[in-house]
Amino acid sequence: MSEAQWERTLTVTTAEQTHALAAALGGVLEAGDLLVLTGELGAGKTTFTQGLGEGLGVRAGIISPTFVLVRIHPNLADGPRPGGPDLVHVDAYRLDSAAEIDDIDLENTMDTAVTVVEWGRDRVEHLSDSRLEVDLLRPLGGEGSATTGESSATTGDVLGFDTDDDDEPRTIIFRGFGQRWAEVPQLLENTTPVEGN
């Protein structure tokens, strides 16, 4: 696996801040971008994706695609980015391999949409030479937290609902891979670089 070209860390204290940060990022995303979201249940992956959708100007109503695996949110002609890319939102929680990712035909939309994959680490890297990884960490994460690099799917945790705590701070780590993310996006320039990067 290739090394990240850069890494930036920041802390948000509310779900509203997570949403706003992601909306700003959504405003600079382009068709073909791949984002891989990692974080335990309730870490804010869906909140982050909702913000991305707002920034991209896609149809509202983004929820976790846990039971359908993939949801496509079309760009709105009367939104902030008319003619911009659609958002393809994937939940790979129950997928065990890159081969299962290939079975859902994401390559058909990769060039024309922004693809966001929750629980995608070690499953989607083959889809693009460039990707932006986003780790969302809760301060009191359990054994399945992103700090261990393991998902709840591999640690045996039970899938639950209503686990977001809006007032709990989150640490968000961004890592850029490949030519598309050779440079840190301007909105992350003033964040704290992780030592060694």
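Visitor: How many bridges join strand S1 to S7?

Guide: Strands here are DSSP runs of E with at least two residues, helices are runs of H or I with at least four, both numbered from the N terminus, and two strands pair if DSSP finds at least two bridges between them. This is a predicted model, in which local features need pLDDT of at least 70, side-chain atom pairs count only at pLDDT 80 or more, and totals for chains, interfaces and linings use all residues. Residues are numbered from 1 along each chain as its sequence is written, and side-chain values use heavy atoms, with hydrogens and water left out. S1 (residues 6–12) runs antiparallel to S7, and the number of bridges joining them is seven.

Visitor: What is the angle between the planes of Phe48 and Phe174?

Guide: Rings of Phe, Tyr and Trp (its six-membered ring) pair if their centres lie within 6.5 Å, and planes under 30 degrees apart count as stacked, over 60 as edge-to-face and the rest as tilted. The structure holds two aromatic pairs; in one of them, Phe48 and Phe174 are tilted, 6.2 Å centre to centre, with an angle between the planes of 50°.

Visitor: Which elements does the pair of Phe48 and Phe174 link?

Guide: The two residues lie 126 residues apart in the chain. Phe48 belongs to helix H2 (residues 45–56), and Phe174 to strand S7.
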